[in-house]
Amino acid sequence: MQASSATPDAESSPSVTMKSSKIAAAKEMLAQFSEAERRQFFMNGLAELEAQESATTHANVPVESSSNADTGDASLPKLVVSQSVVDGFVAPFMDPHSVVEDLVKYIDWVTSEWSKSYDLIAPIGSVIQASGMGKTRLLIEAGKHRFVMFICLRGPSENGYPLQSDIVKKIPTDSLLITKWLLRLIIACMRHLVKTLEKQPLLTPAEWISMQLDRKLQSSFWSEIVNTMESGSMRTFVSKFPSDSPRVSTDDISDEARPNRRETACELFKVEMEKLKSALAGKQPECPTGLVFAMDEASRLSDYPDDKSIDGHTHFDRFRELFGCIARCESNGIMGLLLDTNGSIDKFAPAATPTKANSLRAIDAKQLLLPFWNLRSFDICTAKDSFELVSCIITTALKEKTYNSLEQLFDNQALETSLWQALRHIGRPLWLSITNAGEVHSMVRIAMSKLCADTDVFSVFQMQSNASNNQNTEPAYRAAFSTLVCPHIKARNVKDTAIMTEQFMALCTSISNDREAMTIMYPSDAVLAEAAHCTLKFASSNTVSFKKDRLDTTRWYFMLLQLSVDISNGFMGAGDRGELVARIVLLAAASQATWHASPHCSLTMPLTVSRFLSSIFSGSALNTATDQSGSENAWRDAFPTDLLNGVIFFNHFAFTEEHSSVDLLHWAFNRCAAIRCRDGQIATDLVIPVLLGQTYTVLMIQVKNQAQKLSDRDIDKITLRHAGFTLQTDKDNNPPPHLVIAMSLCERKDRLVVQVPKDSSNRYVIVAGGFREVYSGIEPIAGSLSLFNSMFGREQFGQSVDLTRFLTTMTPFESAKHYQEESKGN
């Protein structure tokens with residue numbers, strides 16, 4: 001199997017001839033495949049190359065430029081509305097957890113609570129979760145069960161879908177006009193639904209919301225509403241409602257200076273709601289909610305007006321005021337629903353102390369309704385067979401015998417495309433919807449942008465000394481690290497965690513009743529993890545290119561620096577026994593090994609165990625590794641070939657509470673993940689799945705952080721039996737060959753010892769004592785990691801460290817070795 005030898009230069013567009021040679025190489029590589037059901041997945045790589053050649057020779061085909069897809073250009077691509085994105089909103093909705101039903105129940109709950117509680121500010125609920133989790137699509141599905149007025153407030157130049165609703169262009173910028181404008185909008189929307197129901201008695205909620213999403217129908221839909229708003233009869237109808245005064249005021253709508261505003265608004269709404277209830281009678285089953293006013297990208301309501309000095313109120317304040325005048329009724333009521341990432345927790349739930357800028361009156365948490373956040377949409381695009389795509393593709397490729405080596409097999413762009421096409425189905429629904437099947441590089445670029453708050457990657461991950469001037473730099477490094485290493489995030493304060501979900505892709509996992517505490521996490525997501533890897537390994541800050549590069553010293557340094565700050569201020573836990581450092585070592589080794597083994601590929605690719613071990617440990621340490629008898633250079637001879645040729649494939653760590661089994665290894669391997677074991681797991685801390693023919697084996701990593709030498713007794717306890725692992729056995733009940741790595745990070749004397757089994761246990765062991773010399777294979781960051789481990793490795797959750805000494809010692813890199821030697825001397 002021959003990989004393409006024509007590697008396109010990152011600075012120029014590849015020619016059609018170069019693409020033809022890649023296609024020919026891919027065809028030759030695929031010629032031997034015989035299993036049709038598996039072959040189709042692998043063939044997608046060829047389809048991408050052919051599509052790119054077609055785009056080059058037919059300029060009128062509206063697809064992404066081939067140079068952008070293969071080599072990258074100077075800027076990240078915009079999240080343009082491709083047909084695949086639009087198709088994602090009309091494709092059959094996958095809802096294995098009945099979340100649509102839950103959202104409909106939440107909508108009715110908000111309306112019901114308003115009808116019986118006089119403590120609430122307004123009948124307004126919210127749907128909040130990180131970007132890419134399907135909030136808008138979920139609302140559209142709920143809109144098939146309740147009549148919904150859908151308004152997308154997305155900016156005209158912003159990426160994403162649905163596009164900005166036509167009515168948004170009509171929103172007045174003058175803060176003194178907005179209240180009466182919103183009043184006319186709400187009433188006009190109710191009248192339009194009533195009028196439409198009179199013309200179409202069989203109109204369904206699904207048909208109603210489709211009018212607002214279809215670009216051809218949307219224009220006329222909103223034009224009729226605008227005409228109703230601007231009509232003389234409407235202006236006469238709302239003329240009794242007092243206009244906003246041009247004075248600075250923090251009074252709410254019931255202020256004595258404007259005694260008629262609330263009463264007037266309530267009377268106006270009551271008249272229109274009676275008409276709406278009459279029109280809805282018999283059209284849908286009687287339920288608490290008759291009409292939902294949904295605002296997508298709702299935080300923009302808090303951004304208007306730009307100048308809040310006139311009266312200190314935002315458009316959201318006025319929106320909430322008016323909805324507080326909605327009449328209470330037991331059926332066919334009206335409620336507002338706000339969709340956004342959870343920056344809305346702060347913006348939609350002002351503090352109890354009133355201020356001119358964010359509150360019309362003192363608001364207590366009990367006056368607000370809890371948001372809906374549990375979308376349960378992670379992995380919903382993954383059908384049962386999708387979790388087997390990665391292993392299926394690799395197993396099929398391994399059956400080919402035309403390649404000279406496994407590394408030659410894994411250095412292939414068609415295989416790269418097929419693997420990452422399969423990984424699009426896992427994690428956030430966003431990845432499957434934003435790109436077509438072959439556009440895997442574009443998908444990763446977009447994920448990079450998402451990881452950096454939809455801004456330019458290199459303005460965030462900049463390497464200059466003024467990096468701290470960019471307000472996104474610190475949370476972006478925090479997000480990258482959390483995505484890769486799966487740390488324990490301890491932060492609970494909304495002020496600390498909300499921004500991570502709002503702009504940096506963290507998932508909200510709980511919100512307290514008082515809205516002061518929120519927990520977040522970064523679940524296993526191969527695409528986002530790959531985006532984090534790419535931000536840490538690009539060679540140039542002037543181009544976003546997928547050319548390979550060694551580990552970038554400066555970016556890894558900044559990431560460790562941010563991690564040290566987060567540990568010291570309690571945002572993250574340092575972990576126990578150096579496990580955090582061990583995860584960084586393993587990830588850095590895998591990243592560097594891919595750089596060496598697959599120079600024609602840009603993204604993480606499968607590796608052999610042999611290549612991976614050579615990347616973890618320094619060449620000198622491996623060459624002088626000893627066995628139990630003290631013989632040097634024993635490791636390659638000591639380990640069986642099947643184990644050394646086993647395949648690993650991971651770019652991040654995933655946490656699990658389960659005991660390791662073949663099923664768990666299969667789950668992790670097919671989502672490009674290694675496993676961080678549960679706290680208190682016996683005999684192992686980390687597990688890397690290894691594909692061994694038709695089954696799985698493991699790399700078990702036990703981490704110790706003690707100065708004394710790791711004893712043979714401790715090493716002997718690192719077994720499958722002690723860890724509770726269950727692997728497939730042979731006819732003699734023997735497990736497959738597996739490898740144990742005992743990482744004793746703080747031993748004073750560096751050593752690397754190989755142990756081979758003396759029985760049928762098939763347990764092979766590498767004992768790695770010390771740090772800098774042993775792990776110099778991942779230079780240039782080994783010195784910094786060694787220093788980081790000496791300061792944080794033995795820290796338990798919540799303990800403090802000497803951060804000042806760490807920061808001053810860690811800069812520049814050359815001082816790391818000096819500090820370690822100084823520590824040993826002391």
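Colleague: Helices (H or I, at least four residues) and strands (E, at least two) are DSSP runs, numbered from the N terminus. With that settled, where do Tyr 106 and Trp 109 lie?

Modeller: This is a predicted model, in which local features need pLDDT of at least 70 and side-chain atom pairs count only at pLDDT 80 or more, while totals for chains, interfaces and linings use all residues. Residues are numbered from 1 along each chain as its sequence is written, and side-chain values use heavy atoms, with hydrogens and water left out. Tyr 106 and Trp 109 both belong to helix H5 (residues 99–116), where three residues, about one turn of the helix, separate them.

Colleague: How many aromatic pairs does the structure hold?

Modeller: There are 13 aromatic pairs in the structure. Rings of Phe, Tyr and Trp (its six-membered ring) pair if their centres lie within 6.5 Å; planes under 30 degrees apart count as stacked, over 60 as edge-to-face and the rest as tilted. One of the pairs joins Tyr 106 and Trp 109; it is tilted, with 5.8 Å centre to centre and 35 degrees between the planes.

Colleague: Is Tyr 106 buried or exposed? And what about Trp 109?

Modeller: Tyr 106 counts as buried because its relative accessibility is 8%, where buried means under 20% relative accessible area, exposed over 50% and partly exposed in between (1.4 Å probe, protein chains only). Trp 109, at 35% relative accessibility, counts as partly exposed.

Colleague: Which kind of aromatic pair do Trp 208 and Phe 221 form?

Modeller: Trp 208 and Phe 221 form an edge-to-face pair, with 5.1 Å centre to centre and 70 degrees between the planes. Trp 208 lies in helix H8 and Phe 221 in helix H9, so this pair ties together parts that are 13 residues apart in sequence. Trp 208 is buried at a relative accessible area of 0%, and Phe 221 counts as buried at 3% relative accessibility.

Colleague: At what angle do H8 and H9 cross?

Modeller: The axes of H8 (residues 205–213) and H9 (residues 215–230) cross at roughly 95 degrees and come within 5 Å. Axes are lines fitted to C-alpha atoms, for helices over the stretch in contact, and angles run from 0 to 180 degrees between N-to-C directions. H8 is therefore roughly perpendicular to H9; angles under 35 degrees count as roughly parallel, over 145 as roughly antiparallel, 65 to 115 as roughly perpendicular and the rest as oblique.

Colleague: Which residues meet there?

Modeller: Trp 208, Met 211, Gln 212 and Leu 213 of H8 meet Arg 215, Leu 217, Gln 218, Phe 221 and Trp 222 of H9, where contact means heavy atoms within 4.5 Å. By class, six residues of this contact are nonpolar, two polar and one charged. Ala, Val, Leu, Ile, Met, Phe, Trp, Tyr, Cys and Pro count as nonpolar, Asp, Glu, Lys and Arg as charged, and the others, Gly among them, as polar.

Colleague: Turning to the sheet, in what order do the strands run?

Modeller: Four strands form an open sheet in the order S1-S4-S3-S2, with parallel pairing; two strands pair if DSSP finds at least two bridges between them. The edge strands, S1 and S2 (148–152), each pair on one side only. From one strand to the next, the twist averages 20 degrees.

Colleague: How many bridges join S4 to S1, and how many to S3?

Modeller: S4 pairs with S1 (residues 124–128) over five bridges and with S3 (residues 289–296) over seven bridges. Gly 125 stands opposite Leu 337 in S4, and Met 295 has Leu 338 as its bridge partner.

Colleague: Why is S4 described as largely enclosed?

Modeller: S4 (residues 333–340) has eight of its eight residues buried, so the rest of the structure largely encloses it. Gly 333, Met 335, Leu 337 and Leu 339 are buried on one side, and Ile 334, Gly 336, Leu 338 and Asp 340 on the other. H5 lies across S1, S3 and S4, and runs at about 125 degrees to S4.

Colleague: One more residue: where is Lys 277 found?

Modeller: Lys 277 is in helix H11 (residues 260–280), and it is partly exposed, with a relative accessible area of 27%. Leaving aside neighbours within four places in sequence, Lys 277 is in contact with Cys 329, Ser 331 and Asn 332.
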